[in-house]
Amino acid sequence: MPLRERPRLSEWLSAVGLILAFTQAASAQQGGFSAPLAPLGSWTAFCDEDGGCGLANASMRREPRASDPDGANAWVCVWLGPLGDADAVLSIQLETPAPAAAGPEAIVIESDAGPLGTAQRMDDGRHEITGAAVAEIAQRLREGRELLLREAEGGTVRERLSLRGFREGLAYALGKRAAPAPQVEIVPQPFQPVTRRVPAGLLELHRQWCSAWPWEADSARAYRLHDGSFLWTAMCARSAYNPVTLLATETRAGSVQPRQLASIVDHDTVGPGFTNLVVDASRGRIEDLFKMRGGNDCGTRRGWVWNGGRFVLASEHTMPNCFGAGHGQWLRMSATPVRGEPRPGRRPC
């Protein structure tokens, strides 16, 4: 359903849940695939666009409660990687991220059947196991009901985590894994902010997509792209923490079209409404952040880089549940190297 057919913005901008519905409607009309994201029991299986898949306990409540068997604070990520790739990792973050000089040196991982392996503390305070042992541990966990994290074999249990849904999540991840996709480094091309008369086509797009929000002339910004076209941004709707910006392209012939960009989470493409949009013309980059709540601990964030001909998806991360997660725990859906920027790290969540 086109956005202009939905209820007036003024009726729902104050409700975060309805802003989410707005964003989903904008992407669903593209008719693309569903994101490779599957909440199953206490675990969420996910895959990135490079063929790798894994599981994290992102579906588990983060505050322990006596009535909630899934209550836990430890964060566990089991990353299997693409088919034939040995860059697997099992990562554990305990209740409070420990500095390098604090916390146990090792964490013993157990299930109902006994010890499965030992994770060593890393410089950032997380504990990890890497390599082929990760796949073996994952296979053994699929038969268990509970995951135990001990400070030492036979020692104090730091956490008890439910394995409800792990078996189904592992089956999903194994079924979705693919051969590593070739990665082509993005070469960014900066673009130039310019002063330009607002085209009539942009006003018409604003009327169609932002019909309940008054046109704000001062919000319109133009950028000259290397292919001779212009990128336009204009305020589409304001809200407490998810303001929506309209993104459009003015062609060399003068016509104005809504701009939609690649996304893994939002059914192939997202736009032309972007939340918390940031334009960094000097780096040829635009970024979008959709917050499911004001705490900025859940939602979707992504960035695109202009390569001289199109905006290429450079990164996309999502956190489907709100529990105080840091951005380093968000699930990686896409990460492509960009020339001149630090290469994406291995950790997927």
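Which residues does Met 319 touch, not counting residues up to four places away in sequence? With contact defined as heavy atoms within 4.5 Å, Met 319 touches Ala 58, Trp 75, Met 292, Asp 297, Cys 298, Gly 299, Ala 325, Gln 329 and Trp 330.

This is a predicted model, in which local features need pLDDT of at least 70, side-chain atom pairs count only at pLDDT 80 or more, and totals for chains, interfaces and linings use all residues. Residues are numbered from 1 along each chain as its sequence is written, and side-chain values use heavy atoms, with hydrogens and water left out.

Met 319 also belongs to the largest nonpolar core, which has 33 residues. A nonpolar core is a set of buried Ala, Val, Leu, Ile, Met, Phe, Trp, Tyr and Cys residues joined through side-chain atoms within 4.5 Å; buried means under 20% relative accessible area, with a 1.4 Å probe and protein chains only. Trp 75, Phe 191, Ile 286, Trp 304 and Phe 311 are, with Met 319, the residues with the most contacts inside this core. Two or more residues each come from β4 (75-81), β20 (285-291), β21 (299-306), β22 (311-319) and β23 (331-335); helices (H or I, at least four residues) and strands (E, at least two) are DSSP runs, numbered from the N terminus. Apart from this core lies another, of 31 residues, including Cys 47, Leu 80, Leu 94 and Ala 138.

Strands β19-β20-β21-β22-β23, in that order, form an open sheet of five strands with antiparallel pairing, where two strands pair if DSSP finds at least two bridges between them. Three bridges join β19 to β20, and Val 278 has Glu 287 in β20 as its bridge partner.

A further open sheet holds ten strands in the order β1-β2-β3-β4-β5-β8-β7-β6-β9-β10, again with antiparallel pairing. Its twist averages 20° from one strand to the next. Five bridges pair β9 (residues 146-150) with β10, and Leu 148 stands opposite Arg 160 in β10.

Helix α2 packs on this sheet, and its direction makes about 115° with that of β4; axes are lines fitted to C-alpha atoms, for helices over the stretch in contact, and angles run from 0 to 180 degrees between N-to-C directions. In α2 (residues 133-141), Val 134, Ile 137, Ala 138 and Leu 141 are buried. They lie on the same side of α2 because they cover an arc of only 100° around the axis, taken from the directions from the helix axis to the C-beta atoms.

Note on methods: Buried < 20%, exposed > 50% of the residue type's maximum accessible area, 1.4 Å probe, protein only.
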